[in-house]
Structures are given as C-alpha cells and as structure tokens.
Amino acid sequence: MKKKMMILSKLAPIETNQLKLKPINRHQLINSYELLVKIEACGVCRSQLH
C-alpha cells in the first residue's frame, strides 16, 4: 500500500524547504526481531528543524 510522508533528507535551515512529500511502500517484516509500529500522529517543533 502506497502512503505519503514528509521526509527530512538532510539537515538545513527550514527556509530551504528540506521537508519533501514522498510516497513510500509499507515495510514488510522479514526478520523475527522486527516490529511494525503504527503511528497515528507525530509533531516536530519548528526549532528542531533549524
């Protein structure tokens, strides 16, 4: 299933638009030590992006 998420690919000032909306595939569990966690919401303080 394709979903979209905002990805921070490198550290830089937020004014340079470092967050990019990209489609991702749902990760498939392969190893017995992996865990799939569903996150309903997440927030990042703007000051953390600087």
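**Entry 1: the largest pocket.** I looked up the lining of the largest pocket and found 15 residues, with Lys3, Ile24, Val37, Lys38 and Ile39 nearest its centre. A pocket here is an open set of points on a 1 Å grid over the protein atoms alone, where a 1.4 Å probe fits, with protein on both sides within 12 Å along at least five of seven lines; lining residues have an atom within 4 Å of a point. I noted that this is a predicted model, in which local features need pLDDT of at least 70 and side-chain atom pairs pLDDT 80 or more, while totals for chains, interfaces and linings use all residues. Residues are numbered from 1 along each chain, and side-chain values use heavy atoms, without hydrogens and water.

**Entry 2: volume and lining.** I read a volume of about 530 Å³ for the largest pocket, a volume being the space filled by probe spheres set on the points. I sorted its lining into eight nonpolar, two polar and five charged residues; Asp, Glu, Lys and Arg count as charged. Strands S1 (2-8) and S2 (19-25) each supply at least two lining residues, and S1 gives the largest share, three residues. A strand is a DSSP run of E with at least two residues.

**Entry 3: a salt bridge.** I searched the whole structure and found one salt bridge, that is, a side-chain nitrogen of Lys or Arg within 4 Å of a carboxyl oxygen of Asp or Glu. Lys38 pairs with Glu40, their closest N and O atoms lying 3.9 Å apart. Both Lys38 and Glu40 are exposed (over 50% relative accessible area, 1.4 Å probe, protein chains only).

How values were computed: Helices (H or I, at least four residues) and strands (E, at least two) are DSSP runs, numbered from the N terminus. Buried means under 20% relative accessible area, exposed over 50%, partly exposed in between (1.4 Å probe, protein chains only).
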